Amino acid sequence: MSLPADTIAAISTPPGPGAIGILRLSGPRAVEVAQASFRPLNKMPLSQHRPHELVYGDLLDRDGQPIDRVLCTFSRGPVSYTGEDTAEFQCHGSPMVLSLGLEALFSRGARQARAGEFTRRAFLNGKLDLAQAEAVGDLLEARSREGARHAAGQLTGALSRRIAGVYSALVDIMAHFHAVLDYPDEDIDPFRMEELSGQLSRQEAALRALAGSYRRGQYIRDGVPCAIVGRPNAGKSSLLNALVGFDRAIVTNIPGTTRDTVEERAELGGVTLRLIDTAGLRDSDDPIEQLGVERSRAAMEEAALVLLVVDGTEKATREDAALARAIAGTGKPWVLVRSKGDLAGENADDLAALAEGAPLVSLSARTGEGLDELGRAVEELFPQGSEDKAGELITNARQAEAAGRALDCVVRAGQALTDGVTPDALLTDVEEALEALGELTGQSVREDVTDRIFSKFCVGK
Ligand SMILES: Nc1nc2c(c(=O)[nH]1)N(C=O)[C@@H](CNc1ccc(C(=O)N[C@@H](CCC(=O)O)C(=O)O)cc1)CN2
Ligand SMILES: Nc1nc2c(ncn2[C@@H]2O[C@H](COP(=O)(O)OP(=O)(O)OP(=O)(O)O)[C@@H](O)[C@H]2O)c(=O)[nH]1
Ligand SMILES: [Mg+2]
C-alpha cells in the first residue's frame, strides 16, 4: 500500500445552517493551501504560528475577497488526526460560506475528499487501527447512550487491547513450539507439552468469550430485537405507540388491523429495543391476514425478546395459553403483558398461571401506567453495562467472523496437540489464528475490505 500523496479537502460538518461549520484539509500541501486561503488578523503567515494554535482571521476566496471571519489551525504530520499535515477552518455554520470556502481550497490545489478518506488515511498511517476506525463509524451512528459509551471505549482502543492480549499470547506459544521443533532429536518434555496445551486452552477460552460478545455488542449497537405478539385487538400496536412516543402504527377497535410488521426503535429500561409490532395471531380466511400472521411468527422466531400482549378486559383464551406455552418453549426471555389496565379487568387472576415464571406486567397504553414496570422487567432480562467494560465487545459481522475464525483455528490447534499430530500442523493453525486476529485490527486486512468500511463513512470524516 503506497501512501496517498494528494491533498484532500471537505466540509466536515453536517449540511444546513449551524453554529459552526468546519472545512478540513489533509495531505502534503494542506498547510500551504490553507495559508494561501487565509489572512490572519495579526498579519503573520499561518505556517509561522504554532501547530494546533487557533489563529483568527479571514478566509479568502480565489480572488482574495473575504468569505468569512474564522478560526484556522494546522498540524504537522505525523502529529495529527490523519498522520499527515492537516489544516482546518472553523467558519460560521453557513452552507454558502462552506461551499465558497471549499471552492477556494480547490482553486489552490486541494481536491474533494471521498467518503471516510480522512479516517482512512489515519488508518493507513497507523494513527488508528481498524477496530478503532470502525468505532468512529459506530460513534457517529450510535442511537443509545450505551451504544455511544461503547463506541467511545472502542475508539480509545479497548477492543484492540483485548485482541492484542490474545495475539501476543499466541505468538509466545508459537515461539515455544519453534523452540521444541528446533531440537527434533530430543524427546519432547511431557511437562512442557502440558504447559503449552494449558496456554492454548486459556487463549481458546479468551477467544470464545470474545466471539461470544458479538450478541451483546449487536444488542448495544443496533438494539434487542423484540416482537410484540398476541391475539387480534389485544393492544399490541397501542403498546408500540406508547413505547415510541408517537402514533407509529394504526390502532382501531377492529380485530386484524395490523397486517404487516411495523418496526421502530425505543429505549426502555435503559435497553435499546428494536420493537416489531405484528399482526394479531389467529386463523383467518383472508389471504392478506394469513401472510401477516406468517410474518408475525417469523418475527417471533427471530426476536431475542418477546412481549406477549393479552387483553386485560377479557378472560384469557385457549389461544392465549397456547401462545404463552409456545413462547416459553423457545427458552427466550419474554414478558407477559396484561393490557388496557385503565379498564375494568376480567383476567387478573388466571394470567399468573400463563406466565410460568416469566415477568407479568399490567399496563395501560392509554395512561402510560405500568410502562415503568415493563422497563424494569426488560432491564432485568437484559442487564446493561454491568458485566463488560465499555468498548470491549465485538459489534459488527466482520469482526465476529474474524474472531470466530481465530477461535476455530485455536480449537483445531488444541485438538492437534492432544491427538499428537505433527507440530507443524499445529503451527499452521496458530498462524492462521494470528492472521484472523490481524484482520480484526487491520494489521493484515485486504484492501477491498477497508474500502468497504471507509466508504460507509460520511464525506469529511
Ligand atoms: N475541530 C476538530 N474536532 C475534532 C476532530 C477534528 O479533526 N477537528 N476530530 C477528528 O475526527 C476528532 C478528534 N480527533 C483527533 C485525533 C487526533 C488529533 C491529533 O492531532 N493527534 C495528534 C496529536 C495529539 C496530541 O496533541 O497529543 C497525534 O495523534 O499525534 C486531533 C483530533 C473529534 N473532534
Ligand atoms: N382503554 C384502553 N384501550 C386500549 C388500550 N390499548 C389498546 N386499546 C384499544 O384496544 C383496541 C385495539 O388496540 P390495538 O392496539 O389496535 O390492538 P392490536 O393488538 O394491535 O390489534 P391488531 O392489530 O388487530 O392485532 C383499540 O380500540 C385501542 O384503542 C389501553 O391501554 N386502554
Ligand atoms: Mg395492531
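Which residues surround ligand 1? In this predicted model, the shell is made up of Ile22, Ser75, Val79, Ser80, Tyr81, Glu88 and Lys127. By class, three of the shell residues are nonpolar, two are polar and two are charged.

Ligand 2 has a shell of its own. Here 24 residues surround the ligand. The closest are Ser237, Ser238, Asn253, Thr258 and Gly280. Helix α8, which spans residues 236-244, gives the most to this shell, with three residues. The shell around ligand 2 divides into 13 polar, seven nonpolar and four charged residues.

The protein chain is divided into three parts: domain 1 (8-128), domain 2 (134-213 + 393-442) and domain 3 (220-381). Domain 2 is written as two segments, 134-213 and 393-442. Between the C-alpha centres of domain 1 and domain 3 there are 52 Å.

Next comes a pair of helices. Two packed helices are described by the angle between their axes and by the distance between those axes. Helix α13 covers residues 397-419, and helix α14 covers residues 423-441. Their axes come within 8 Å and cross at roughly 165°. Angles over 145 degrees count as roughly antiparallel. Therefore α13 and α14 are roughly antiparallel to each other. The crossing in which α13 passes α14 is left-handed.

From α13 come Gln399, Ala402, Ala403, Arg405, Ala406, Cys409, Val410, Arg412, Ala413, Ala416 and Leu417. They meet Ala425, Leu426, Asp429, Val430, Glu432, Ala433, Ala436, Leu437, Glu439 and Leu440 of α14. The contact of α13 with α14 divides into 15 nonpolar residues, five charged and one polar.

Two features of the backbone remain. Most residues other than glycine have a negative phi, and most peptide bonds are trans. The peptide bond from glycine 77 to proline 78 is cis, with omega near 5°. Proline 78 lies in the loop between β5 (66-75) and β6 (86-93). Lysine 43 is a residue other than glycine with a positive phi, near 70°. The loop that holds lysine 43 runs between β3 (38-40) and β4 (55-60).

How values were computed: Residues are numbered from 1 along each chain as its sequence is written. Chains are lettered from A and ligands numbered from 1 in the order in which they are written. This is a predicted model: local features need pLDDT of at least 70, side-chain atom pairs count only at pLDDT 80 or more; totals for chains, interfaces and linings use all residues. A residue is near a molecule or strand if its C-beta atom, placed from the backbone, lies within 6 Å of it. Ala, Val, Leu, Ile, Met, Phe, Trp, Tyr, Cys and Pro count as nonpolar, Asp, Glu, Lys and Arg as charged, and the others, Gly among them, as polar. Helices (H or I, at least four residues) and strands (E, at least two) are DSSP runs, numbered from the N terminus. Domain bounds come from an automatic or database domain assignment. Axes are lines fitted to C-alpha atoms, for helices over the stretch in contact, and angles run from 0 to 180 degrees between N-to-C directions. Angles under 35 degrees count as roughly parallel, over 145 as roughly antiparallel, 65 to 115 as roughly perpendicular and the rest as oblique. A crossing is left-handed if the near helix is turned anticlockwise from the far one by less than a right angle, and right-handed if clockwise. Two residues are in contact if their C-beta atoms, placed from the backbone, lie within 7 Å.
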